[in-house]
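Here is a briefing on a predicted model. Look at the structure first, then read the points below.

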Amino acid sequence: MSAEKTLWLLLAIFLLSLAITFASDPDPVQDFCIPNPRFGAIKTAHAMHYILPCKNSSEATTEDFVFSGLRASRTFSDTGLAVVSASPTNFPGLNTLGLSFARADIEVGGINPPHFHPRATELVHVVEGKVYSGFVDSSNRVFARVLEKGEVMVLPKGLVHFMMNVGDEPATLFGYFNSQNPGIQKIPSAVFGSGIDKELLQKAFGLSSKQIGTLRKKFDPKTAR
(Lines give C-alpha, C1' and ligand atoms only; values in the text may rest on other atoms or scores of the structure.)
Protein backbone atom coordinates (compact mmCIF):
# COMPACT_ATOMS: atom_id res chain seq x y z
CA MET A 1 0.00 0.00 0.00
CA SER A 2 1.38 3.43 -0.95
CA ALA A 3 2.18 6.05 1.69
CA GLU A 4 -0.64 8.27 0.39
CA LYS A 5 -3.26 5.50 0.68
CA THR A 6 -1.99 4.65 4.15
CA LEU A 7 -2.34 8.28 5.17
CA TRP A 8 -5.92 8.47 3.89
CA LEU A 9 -6.80 5.21 5.66
CA LEU A 10 -5.40 6.49 8.96
CA LEU A 11 -7.30 9.75 8.50
CA ALA A 12 -10.56 7.87 7.88
CA ILE A 13 -10.04 5.75 11.02
CA PHE A 14 -9.28 8.89 13.03
CA LEU A 15 -12.42 10.67 11.81
CA LEU A 16 -14.56 7.59 12.53
CA SER A 17 -13.16 7.38 16.05
CA LEU A 18 -13.81 11.08 16.51
CA ALA A 19 -17.42 10.71 15.37
CA ILE A 20 -18.00 7.80 17.76
CA THR A 21 -16.46 9.78 20.62
CA PHE A 22 -18.66 12.82 20.05
CA ALA A 23 -21.76 10.65 19.64
CA SER A 24 -21.36 9.05 23.07
CA ASP A 25 -21.42 10.30 26.62
CA PRO A 26 -18.02 11.79 27.53
CA ASP A 27 -15.81 9.86 29.92
CA PRO A 28 -15.75 11.15 33.52
CA VAL A 29 -12.66 13.07 34.61
CA GLN A 30 -13.20 12.48 38.33
CA ASP A 31 -14.45 9.70 40.62
CA PHE A 32 -17.98 11.08 40.59
CA CYS A 33 -19.88 14.30 40.03
CA ILE A 34 -22.88 14.95 42.24
CA PRO A 35 -24.89 17.76 40.57
CA ASN A 36 -24.97 21.06 42.38
CA PRO A 37 -28.66 22.05 42.67
CA ARG A 38 -27.71 25.73 42.68
CA PHE A 39 -26.73 25.58 39.00
CA GLY A 40 -28.56 24.46 35.87
CA ALA A 41 -27.32 22.30 33.01
CA ILE A 42 -24.58 23.68 30.76
CA LYS A 43 -24.34 22.86 27.05
CA THR A 44 -20.86 21.78 25.93
CA ALA A 45 -18.98 23.29 23.01
CA HIS A 46 -19.98 20.33 20.81
CA ALA A 47 -23.70 21.05 21.43
CA MET A 48 -24.24 17.30 21.77
CA HIS A 49 -23.97 17.00 25.53
CA TYR A 50 -25.25 18.76 28.60
CA ILE A 51 -23.31 18.69 31.84
CA LEU A 52 -24.48 19.31 35.37
CA PRO A 53 -21.89 21.25 37.42
CA CYS A 54 -20.56 19.24 40.35
CA LYS A 55 -20.72 20.18 43.97
CA ASN A 56 -17.61 19.73 46.10
CA SER A 57 -16.89 16.00 46.53
CA SER A 58 -16.64 16.50 50.29
CA GLU A 59 -20.37 17.36 50.28
CA ALA A 60 -21.36 14.01 48.71
CA THR A 61 -23.22 11.51 50.88
CA THR A 62 -24.06 7.83 50.59
CA GLU A 63 -27.66 8.77 49.79
CA ASP A 64 -26.47 10.40 46.55
CA PHE A 65 -25.57 6.90 45.30
CA VAL A 66 -28.78 5.13 46.35
CA PHE A 67 -32.15 5.27 44.59
CA SER A 68 -35.32 3.76 46.07
CA GLY A 69 -37.80 4.92 43.45
CA LEU A 70 -38.07 1.62 41.60
CA ARG A 71 -39.66 -0.36 44.40
CA ALA A 72 -43.21 0.41 43.22
CA SER A 73 -44.86 1.18 39.89
CA ARG A 74 -46.62 4.40 38.97
CA THR A 75 -50.09 5.09 37.55
CA PHE A 76 -50.79 3.27 34.29
CA SER A 77 -51.31 5.26 31.09
CA ASP A 78 -54.10 4.71 28.55
CA THR A 79 -51.89 2.13 26.83
CA GLY A 80 -51.44 0.16 30.05
CA LEU A 81 -47.87 1.32 30.67
CA ALA A 82 -46.31 2.73 33.85
CA VAL A 83 -42.68 3.92 33.81
CA VAL A 84 -40.35 5.06 36.57
CA SER A 85 -37.07 6.48 35.26
CA ALA A 86 -33.76 6.93 37.06
CA SER A 87 -31.38 9.58 35.72
CA PRO A 88 -29.12 12.25 37.22
CA THR A 89 -32.15 14.48 37.76
CA ASN A 90 -33.53 12.15 40.46
CA PHE A 91 -30.52 9.90 41.13
CA PRO A 92 -27.52 12.27 41.51
CA GLY A 93 -24.89 9.53 41.69
CA LEU A 94 -25.46 8.64 38.02
CA ASN A 95 -24.20 12.00 36.77
CA THR A 96 -21.27 11.69 34.28
CA LEU A 97 -21.23 7.88 34.54
CA GLY A 98 -22.88 7.37 31.14
CA LEU A 99 -25.87 5.29 32.16
CA SER A 100 -29.49 5.44 33.28
CA PHE A 101 -32.30 2.96 33.74
CA ALA A 102 -36.04 2.61 34.16
CA ARG A 103 -38.71 0.30 35.52
CA ALA A 104 -41.65 -0.43 33.23
CA ASP A 105 -44.86 -2.16 34.30
CA ILE A 106 -47.33 -3.27 31.63
CA GLU A 107 -50.88 -4.35 32.32
CA VAL A 108 -52.32 -7.49 30.71
CA GLY A 109 -52.80 -6.60 27.04
CA GLY A 110 -51.02 -3.28 27.55
CA ILE A 111 -48.29 -1.96 25.28
CA ASN A 112 -45.21 0.21 25.18
CA PRO A 113 -45.87 1.86 21.77
CA PRO A 114 -43.19 1.96 19.04
CA HIS A 115 -40.47 4.42 19.99
CA PHE A 116 -36.70 4.82 19.90
CA HIS A 117 -33.88 6.31 21.95
CA PRO A 118 -31.61 8.51 19.78
CA ARG A 119 -28.67 8.45 22.17
CA ALA A 120 -28.58 4.98 23.75
CA THR A 121 -28.78 1.25 23.33
CA GLU A 122 -31.27 -0.37 25.72
CA LEU A 123 -30.97 -3.67 27.54
CA VAL A 124 -34.39 -5.00 28.62
CA HIS A 125 -34.68 -7.50 31.48
CA VAL A 126 -38.04 -9.15 32.17
CA VAL A 127 -38.46 -9.80 35.92
CA GLU A 128 -42.15 -10.76 35.88
CA GLY A 129 -44.61 -11.86 33.19
CA LYS A 130 -44.42 -12.53 29.45
CA VAL A 131 -43.70 -9.73 27.00
CA TYR A 132 -43.64 -9.65 23.21
CA SER A 133 -40.65 -7.40 22.51
CA GLY A 134 -38.64 -6.47 19.47
CA PHE A 135 -37.15 -3.87 17.16
CA VAL A 136 -37.08 -2.96 13.47
CA ASP A 137 -33.75 -2.46 11.68
CA SER A 138 -32.99 0.04 8.91
CA SER A 139 -34.11 -2.45 6.24
CA ASN A 140 -37.51 -2.82 7.97
CA ARG A 141 -36.69 -6.32 9.20
CA VAL A 142 -38.41 -7.17 12.48
CA PHE A 143 -36.55 -8.96 15.27
CA ALA A 144 -39.13 -9.95 17.89
CA ARG A 145 -40.19 -12.76 20.19
CA VAL A 146 -41.92 -13.38 23.49
CA LEU A 147 -39.62 -12.84 26.46
CA GLU A 148 -40.28 -14.62 29.73
CA LYS A 149 -39.13 -14.04 33.29
CA GLY A 150 -35.34 -13.88 33.51
CA GLU A 151 -34.72 -13.24 29.81
CA VAL A 152 -32.87 -10.23 28.42
CA MET A 153 -33.02 -8.52 25.02
CA VAL A 154 -30.80 -5.80 23.58
CA LEU A 155 -32.40 -2.99 21.55
CA PRO A 156 -29.79 -1.19 19.40
CA LYS A 157 -29.45 2.57 19.64
CA GLY A 158 -31.72 4.60 17.39
CA LEU A 159 -33.88 1.69 16.20
CA VAL A 160 -37.65 1.61 16.67
CA HIS A 161 -38.74 -0.93 19.28
CA PHE A 162 -41.92 -1.98 21.09
CA MET A 163 -43.37 -4.19 23.82
CA MET A 164 -46.71 -5.84 24.61
CA ASN A 165 -47.80 -7.88 27.61
CA VAL A 166 -49.03 -11.19 26.19
CA GLY A 167 -49.28 -13.00 29.52
CA ASP A 168 -52.14 -13.35 31.96
CA GLU A 169 -50.60 -11.19 34.69
CA PRO A 170 -48.98 -7.73 34.86
CA ALA A 171 -45.42 -7.68 33.55
CA THR A 172 -42.44 -5.87 35.06
CA LEU A 173 -39.28 -5.02 33.14
CA PHE A 174 -36.11 -3.08 33.80
CA GLY A 175 -34.44 -1.14 31.01
CA TYR A 176 -30.77 -0.16 31.16
CA PHE A 177 -29.29 2.57 28.91
CA ASN A 178 -25.67 3.35 28.06
CA SER A 179 -26.32 7.09 28.32
CA GLN A 180 -27.42 9.27 31.19
CA ASN A 181 -29.71 11.05 28.74
CA PRO A 182 -30.94 8.48 26.18
CA GLY A 183 -33.86 10.59 24.95
CA ILE A 184 -37.10 9.14 23.65
CA GLN A 185 -39.13 9.69 20.50
CA LYS A 186 -42.57 8.06 20.46
CA ILE A 187 -43.55 7.35 16.87
CA PRO A 188 -47.33 8.05 17.09
CA SER A 189 -46.80 11.32 18.98
CA ALA A 190 -43.92 12.38 16.74
CA VAL A 191 -46.00 11.90 13.59
CA PHE A 192 -49.48 12.98 14.64
CA GLY A 193 -48.80 15.12 17.69
CA SER A 194 -46.00 17.37 16.47
CA GLY A 195 -47.79 19.74 14.09
CA ILE A 196 -46.58 18.28 10.80
CA ASP A 197 -48.57 19.74 7.91
CA LYS A 198 -51.92 17.94 7.55
CA GLU A 199 -51.73 17.68 3.74
CA LEU A 200 -48.35 15.98 3.96
CA LEU A 201 -49.71 13.43 6.45
CA GLN A 202 -52.73 12.75 4.21
CA LYS A 203 -50.46 12.02 1.25
CA ALA A 204 -47.98 9.99 3.29
CA PHE A 205 -50.52 7.69 4.92
CA GLY A 206 -53.44 7.78 2.47
CA LEU A 207 -55.77 9.12 5.16
CA SER A 208 -58.56 11.68 4.93
CA SER A 209 -58.44 15.07 6.60
CA LYS A 210 -60.98 13.83 9.15
CA GLN A 211 -58.89 10.77 9.99
CA ILE A 212 -55.79 12.93 10.45
CA GLY A 213 -57.79 15.21 12.75
CA THR A 214 -58.92 12.26 14.84
CA LEU A 215 -55.36 11.02 15.25
CA ARG A 216 -54.16 14.51 16.17
CA LYS A 217 -56.80 14.80 18.88
CA LYS A 218 -55.67 11.45 20.26
CA PHE A 219 -51.96 12.20 20.40
CA ASP A 220 -51.89 15.96 20.96
CA PRO A 221 -55.12 17.96 21.45
CA LYS A 222 -53.20 21.24 21.08
CA THR A 223 -52.49 20.57 17.40
CA ALA A 224 -55.96 19.35 16.38
CA ARG A 225 -57.36 21.46 13.59
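V126 stands opposite L173 in β11. Strands (E, at least two residues) and helices (H or I, at least four) are DSSP runs, numbered from the N terminus. Residues are numbered from 1 along each chain as its sequence is written, and side-chain values use heavy atoms, with hydrogens and water left out. In this predicted model, local features need pLDDT of at least 70, side-chain atom pairs count only at pLDDT 80 or more, and totals for chains, interfaces and linings use all residues.

**Strand pairing**
- Two strands count as paired if DSSP finds at least two bridges between them.
- β6 and β11 run antiparallel and are joined by 6 bridges.
- β6 also runs antiparallel to β9 (residues 152-155), with 4 bridges.
- H125 has V152 in β9 as its bridge partner.
- An open sheet of 5 strands has the order β8-β7-β10-β5-β12, with antiparallel pairing.
- Its edge strands are β8 (142-147) and β12 (185-186), each pairing on one side only.
- β5 (residues 111-116) is joined to β12 by 2 bridges.
- F116 has Q185 in β12 as its bridge partner.

**Largest pocket**
- A pocket is an open set of points on a 1 Å grid over the protein atoms alone, where a 1.4 Å probe fits, with protein on both sides within 12 Å along at least five of seven lines.
- The largest pocket has a volume of about 820 Å³, where volume is the space filled by probe spheres set on the points, joined across faces, edges and corners.
- Its lining has 32 residues, and L81, V83, N112, I184 and K186 are the closest to its centre; a lining residue has an atom within 4 Å of a point.
- β3 (81-86), β4 (100-106), β5, β6 (122-128), β11 (171-177), α2 (187-192) and α4 (209-219) each supply at least two lining residues.
- By class, the lining has 17 nonpolar, 11 polar and 4 charged residues. Asp, Glu, Lys and Arg count as charged; Ala, Val, Leu, Ile, Met, Phe, Trp, Tyr, Cys and Pro as nonpolar; the others, Gly among them, as polar.

**Helix α3**
- D197 caps the N-terminal end of α3 (residues 198-205), with a side-chain oxygen 3.0 Å from the backbone nitrogen of E199.

**Confidence**
- Mean pLDDT (the predictor's confidence in each residue, from 0 to 100) is 85, and 81% of residues reach 70 or more.
- Residues 18-22 stay under 50. The model has 3 contacts (heavy atoms within 4.5 Å) for them beyond four places in sequence.
- Residues 42-49 are also below 50, with 14 contacts beyond near neighbours in sequence.

Key:
A polar contact is a pair of N or O atoms within 3.5 Å; within protein, one must be able to donate a hydrogen and the other to accept it, and residues adjacent in sequence count only if both atoms are side-chain atoms.
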